[in-house]
Amino acid sequence: MLGSRESRHASDTPPSRVRHVVGVGPTGRFMAKILIVEDEKDLQQVLEYNLRQAGHQVLMAHAGGHGLELARAEHPDLVLLDLMLPDISGTEVCKALKESADTRTIPVVMLTARGEEIDRVVGFELGADDYVVKPFSVRELILRIAAVLRRGRGALEEGQRVVEFGRLRIDREAHKVWVDELEIELTALEFKLLVTLYDRRNRVQTRTSLLDDVWGIQADITTRTVDTHVKRLREKLEAARDYVETVRGVGYRFVASPAEAGQ
Ligand code: CA
C-alpha cells in the first residue's frame, strides 16, 4: 500500500497482464502522458516508477503552482493530483484546470488521505474524474488510470469521429482524410501527426513533444525526422497545407481557424 508510513519501500509493479490492459505498444511507445502533482518524495518515486513501467510518460510537479504550469505547457493526457500540497491545494489546482478552456478536458484523478471526505466531495464538485484514497495499491491506481483514459478516448471518438475544418475532413475511425472532398493518401504516421496537430489547434507543438507523442521514444529518430514528415504531410495536404504552420525555431502549429490560413 502506498501513501502510508510503512509503504516507503513498496515496489508494487503491476503484473504483465495489467500492462497489457493499459496497452503498451510492442515498440514501447507511451500510452499516455501523465502529470503527477505530489509533494511526498517517496510517493513521487514509486508512482513515477510504476507509471513508467506501465508504459506511460511521466511529468512531475512537487507543488500546485508548478503543476498548473506544466499542465498548461505540456497538455498531459491525465493529471494525478494530490490534495494536500505545499503551496495551493489540490482542489484549487483542479478548479483552475477545469475553468480554463485549454485544460478543461484533461482528466484529473485525485489522491486523498483518509479523513478528507469533505475535500473528496469538493473534488468531484470541481470536476475531478476519479479519486483514490491513501493508502492505495499501485495496481489499483494503474487500473483506475487506465479506466479514466479509456473513458476519455471513448468520448472523443463518439463526439468527434468525423471532423471538418475548412477544406479538410478527417475520419478518425476510418483513418481517412479528404481535402476539398478528394480523399488523400496518408501513411499511418502522417495520419497520427495530422490528428495530433489538429487536436492541439492554435497551440505550438515543439519537435520534441511531437516526437514523444507521434513516434514515441526511439533512439534512432531525431527532431529532423519531424521536419521531414511535416514537410511531406503538408505537400499531401495541398490546398489545406497552410493549416499547418511552421513556428521558426520552435516547432509547428495547426491554425485556430481556416480563416487564419486565408480560407
Ligand atoms: Ca501531499
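**Exercise 1.** What should the 15 residues of H9 span at 1.5 Å a residue, and how far apart are the end C-alpha atoms of H9?

*Solution.* The model is a predicted one. The expected span of a helix is 1.5 Å times one less than its number of residues. For the 15 residues of H9 this gives 21 Å, and the end C-alpha atoms are 21 Å apart, so expectation and model agree.

**Exercise 2.** Determine which residues of H9 are buried and how they are arranged around the axis.

*Solution.* Step one is to list the buried residues of H9, namely Val226, Val230, Leu233 and Leu237. Step two is to view them around the axis: they cover an arc of only 65 degrees, and therefore lie on the same side of H9. Step three is to turn to the face away from the buried side, where the exposed residues Arg224, Thr228 and Glu235 are found. Step four is to identify what covers the buried residues of H9; this includes strand E9 (182-184), H7 and H8. Finally, Glu238 follows H9 and has a positive phi, near 45 degrees.

**Exercise 3.** Carry out the corresponding analysis for helix H7 (residues 188-199).

*Solution.* The twelve residues of H7 should span 16 Å at 1.5 Å a residue, and because the end C-alpha atoms are 16 Å apart, the two values agree. Leu193, Leu194 and Leu197 are the buried residues of H7. Seen down the axis, these buried residues fall within an arc of 95 degrees, so they line one face of the helix. Their packing partners include strand E8 (176-179), helix H8 (207-215) and helix H9 (223-237).

**Exercise 4.** Describe the largest nonpolar core and state which element gives the largest share of it.

*Solution.* The largest nonpolar core has 39 residues, of which Leu78, Val79, Leu80 and Leu81 touch the most other members. Elements that each supply at least two residues include strand E1 (33-37), strand E3 (78-82) and helix H6 (138-159). The largest share, seven residues, comes from H6. Leaving aside neighbours within four places in sequence, Leu78 is in contact with residues including Ala32, Ile34, Val109 and Ile145. Apart from this core lies another, of 18 residues, among them Leu210, Val230, Leu237 and Tyr252.

**Exercise 5.** How many helices and strands does the protein have, and what percentage of its residues is buried?

*Solution.* The secondary structure comes to nine helices and twelve strands. Of the 263 residues, 31% are buried.

How values were computed. Residues numbered from 1 in each chain as written. Predicted model: local features only at pLDDT ≥ 70, side-chain atom pairs only at ≥ 80, totals over all residues. Helix = DSSP H or I, 4+ residues; strand = E, 2+ residues; numbered from the N terminus. Buried ≥ 20, exposed ≤ 12 C-beta atoms within 10 Å, placed from the backbone. Arc of directions from axis to C-beta. Contact = placed C-beta atoms within 7 Å. Core = buried A, V, L, I, M, F, W, Y, C linked by C-beta atoms within 7 Å.
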